[in-house]
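Me: I would like to understand how the labels used for a protein model follow from their definitions. Could we go through a few of them, one at a time?
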Amino acid sequence: MSSTGDDAAVGGRCAVHMPRTGRTVTDLPRMGRFPAVQPGQPSIERLAPTSELLGFRGPTACAAAGITYRQLDYWARTGLLEPSVRTAYPSTSQRLYSFRDILLLKIVKRLLDAGVSLQNIRVAVAHLQAADQAALAGMTLMCDGATVYECTTPQQVVDLLKGGQGVFGIAVGAVWQELELTLGRLHAERTDTGETLVGHDPADELAQRRNRAV
């Protein structure tokens, strides 16, 4: 059975050291609930996964973050990390996660795997949610298994390593780039129109070209 993280140790000090630091739209043709780019047609519009106009449903968020739906549901219900685009209320709606939400889900998973308690993870998540986008992309998190630190300079990383204890790091910018590539291949939903957009997988496109050449 996969863990939701609720069985992690909760004791200890929440010591997360973070410094403060022509035509109108209505005239354009509507595609309805179809891909923004149809096979064999020119590109109409392709939004980057980081766009605020895109949201991702629960199963897509799970696939991109490497977590189970049980973990996603538990973290949302307990307030560890709720979707910022659309919650599951009313009950007829589906959760919709932003790129930033899924980035944090991915980081939470890594901290949890490293043995960080949910109590400390909650503090780290609150700080990451408050950070602006530029600061978030350039952030490096260091963890000794109990405490999470934000390092803004190489010297701070060196100082932690000099402590002689086991430390691992998360370069948020690298996770960001990895997630962009992953979400670019998965389905998304436009938050303004509700259109379902099909991801762009270069491997699929190459296969289609090969089939046409046969």
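Me: Why is Cys143 called buried?

Reply: A residue counts as buried under 20% relative accessible area, as exposed over 50%, and as partly exposed in between, with a 1.4 Å probe and protein chains only. Cys143 has 2% relative accessibility, so the residue counts as buried. This is a predicted model, in which local features need pLDDT of at least 70 and side-chain atom pairs count only at pLDDT 80 or more, while totals for chains, interfaces and linings use all residues. Residues are numbered from 1 along each chain as its sequence is written, and side-chain values use heavy atoms, with hydrogens and water left out.

Me: What makes Cys151 buried or exposed?

Reply: Its relative accessible area is 5%, and therefore Cys151 belongs with the buried residues. Of the 214 residues of the chain, 36% count as buried.

Me: How many disulfides does the chain have?

Reply: A disulfide is a pair of cysteine sulfur atoms within 2.5 Å, and by this rule the count is 0.

Me: What makes β2 and β7 edge strands?

Reply: Strands are DSSP runs (E, at least two residues) and helices are runs of H or I with at least four, numbered from the N terminus; two strands pair if DSSP finds at least two bridges between them. The open sheet of 4 strands runs in the order β2-β1-β6-β7, with antiparallel pairing. Strands β2 (96-97) and β7 (196-197) each pair on one side only, and these are the edge strands.

Me: How do you know that β6 and β7 pair?

Reply: Strand β6 (residues 188-190) and β7 are joined by 2 antiparallel bridges, and the definition asks for at least two. In β7, Leu197 is the bridge partner of Ala188.
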